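This briefing goes through one structure topic by topic, for a reader who has the sequence and the coordinates at hand.

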Amino acid sequence: MSLSLDKALHNHFQRSQRWGFTWALWTAVLWGAWYVPGTAMWYEEPFVSIHSGDHGMRLAATAVMTWIHAVVVLLFLVIWNGMLGKLRDYGRTIVRFRRISKWYALASLCGGPMAIFGSYMAMGYVGPVFAAITSLFYPVVGAIIARLWYHEKISGRAALGMAIIIMGGMVIYGPGLFGEIDISENYAWLGYVGGIMSAIGWGAEGAVASRAMDVTDPDVGIQCRFSFEILFWGILVLPMIYLLTDLPIITLLVDMLTSPMVMIWMVLASIAHAYCYTSFYKSFSLIGVGRGEAIGNLYGVFAVLFVMAFTLELPEWYFVLGLILTVTGSFVMYREPAENISTLREVKS
Amino acid sequence: MKPPQKGFLLITLNQSPSLWDFELIQRAMVEYELQGHYWINHFSIALDELASAGLINRIGYRLDDGEAIAKDRLLFEFALSDFGRQRMLDTGLLDGVTTND
């Protein structure tokens, strides 16, 4: 009896751990998949005719695109929570703004305007490879904030695994950096600031969202987060751009909504993004922000694989080395005893 | 308006020194007018999440003899932790002083 009880307990913790890592892995797969439609969109009108030096227009187009993207993501989240029967809990959660859902609003600011914009700045002023590499550091930021704020346990194994995964990511993207960094570029510092913004933004998002998920459901939480993102762009940023500049916001909006190709890519990107983020949030409550974000970092590998599947171009040889490192790092983390992560924080009991 | 479901589990647990998961789940299903295995598992996961985050502690466990949910299912006894009580204050689920943390 006692033996089977202990075994049942062990199985229980192991199942929880496995689900946590599975959700985190789905985050990485779907995030990688998102890059294909997410990038393809830039090769369609109206984006393709925006001159690369026309920063105002590029940022305006990005803002409009991010808003439409968030609206479509929310639609898929409503379908998801509708099927799970969680829409009423969404209502109960989002109305408690002052004490609970404000954290989701803050998470949307960290992950949306700060991280996405930072990432675009890094891409635009330094280059896409630099942007990809700085983003790799977001789990470090997330783990540190979660550690300092609500004492999430960062075990030696988790930290080691995270370091190996980041190294793997750097091996995949690093060599591309040499051709990209141009120290004579006057505005490069804007790109560096953007890179830091993206690492801090995404890292902080996980820690902030987890603060609200202490007392609310992750599926509901992600729907709250995107509801706030829509409001932020829709009633603040876009109207401000419209009123304060002469950038053609309405034209951009109409052009995007009436372009079948843009909308096809938008829908595909939004499906990937919606369920990527759902998996992301679900993993935090089972394995913690640090581990969830570190495994999420495998998106770098999946992005290369998905691009390879669609373009049929093989990646460089060092991709294999990066792949070995990231997989090794994941296993270092995964092989931690399940009982260790049955409680994720050092708090007063 | 009713609290979010995880909040209800915390509020219920705060009213007793400890409760078994099947008791908490049963009360939640009455409160939110739900039934069936899907919701039993849904609330079990919510309790797992609360325990992982340190808001509630597992203070006992046993195998179900078939009278609670299903035979040989692992059952847990939970109690609210000090941290859980603090989070309830912070999130307005309990009246009192918040740490605003």
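In this predicted model, His151(A) is found in the loop that runs between helix 6 (138-150) and helix 7 (156-173) of chain A. With a relative accessible area of 38%, His151(A) is partly exposed, because that value falls between the 20% limit for buried and the 50% limit for exposed.

- His151(A) and Leu344(A) are 193 residues apart in sequence, yet their C-alpha atoms are 8.5 Å apart in space.
- Once neighbours within four places in sequence are left aside, His151(A) is in contact with Ala146(A), Leu344(A), Arg345(A) and Glu346(A).
- Leu344(A) is also among the residues in contact with Arg291(A), a residue that lies in helix 12 (residues 289-296) of chain A.
- Arg291(A) has a relative accessibility of 6% and therefore counts as buried, the limit for that class being under 20%.

**Gly111(A) in helix 4 of chain A**

- Gly111(A) is placed in helix 4 (residues 97-125) of chain A, and at 1% relative accessibility it counts as buried.
- The contacts of Gly111(A), with neighbours within four places in sequence left aside, are Ile116(A), Gly201(A), Trp202(A), Glu205(A), Arg225(A) and Tyr277(A).
- Trp34(A) lies 77 residues from Gly111(A) along the chain, and the C-alpha atoms of the two are separated by 16 Å.

**Backbone features**

- Most residues other than glycine have a negative phi, and most peptide bonds are trans.
- The peptide bond from Glu45(A) to Pro46(A) is cis, with omega near 0°, and Pro46(A) is found in the loop between helix 1 (2-40) and helix 2 (55-84) of chain A.
- Leu312(A), which is not a glycine, has a positive phi near 60°; this residue lies in the loop between helix 13 (299-311) and helix 14 (318-334) of chain A.
- With a relative accessible area of 73%, Leu312(A) is exposed, since the limit for that class is over 50%.
- In chain B, Asp72(B) has a positive phi of about 70° although it is not a glycine, and its place is the loop between strand 2 (56-63) and strand 3 (74-80).
- Gly92(B), which follows helix 4 of chain B, has a positive phi near 75°.

**Chain A as a whole**

- The secondary structure of chain A consists of 14 helices and zero strands. The radius of gyration is 20 Å, close to the 20 Å that the globule rule gives for 349 residues, so chain A is as compact as a globular protein of that length.
- Taken along the principal axes, the box filled by the C-alpha atoms of chain A is roughly 75 × 50 × 35 Å.
- Of the 349 residues of chain A, 56% count as buried, and the accessible surface of the chain comes to about 15,300 Å², 72% of which belongs to carbon and sulfur atoms.
- Among the contacts in chain A with a separation of 6 or more, 89% are between residues 24 or more positions apart.

- The size of an interface is often given as the accessible area lost when the parts come together.
- Chain A and chain B bury about 3,300 Å² between them, with 57% of that area on carbon and sulfur atoms. Arg92(A), Arg99(A) and Val215(A) supply 19% of the area that chain A buries against chain B, more than any other three residues.
- Counted by residues, 38 residues of chain A are in contact with 38 residues of chain B.
- In helix 4 (residues 82-90) of chain B, the buried residues are Phe83(B), Gly84(B), Arg87(B), Met88(B), Leu89(B) and Asp90(B).
- The buried residues of helix 4 of chain B pack against helix 4, helix 6 and helix 8 (188-213) of chain A, together with helix 1 and strand 3 of chain B.
- Helix 1 (residues 5-14) of chain B is mostly covered, as eight of its ten residues are buried, including Phe8(B), Leu9(B), Leu10(B) and Leu13(B).

Methods. Residues numbered from 1 in each chain as written. Chains lettered and ligands numbered in written order. Predicted model: local features only at pLDDT ≥ 70, side-chain atom pairs only at ≥ 80, totals over all residues. Heavy atoms only, no water. Helix = DSSP H or I, 4+ residues; strand = E, 2+ residues; numbered from the N terminus. Rg over C-alpha atoms; globule rule 2.2 N^0.38 Å. Buried < 20%, exposed > 50% of the residue type's maximum accessible area, 1.4 Å probe, protein only. Contact = heavy atoms within 4.5 Å. Areas by Shrake-Rupley, 256 points an atom, 1.4 Å probe, with all protein chains shown as cover. Buried area = accessible area lost by both parts, 1.4 Å probe.
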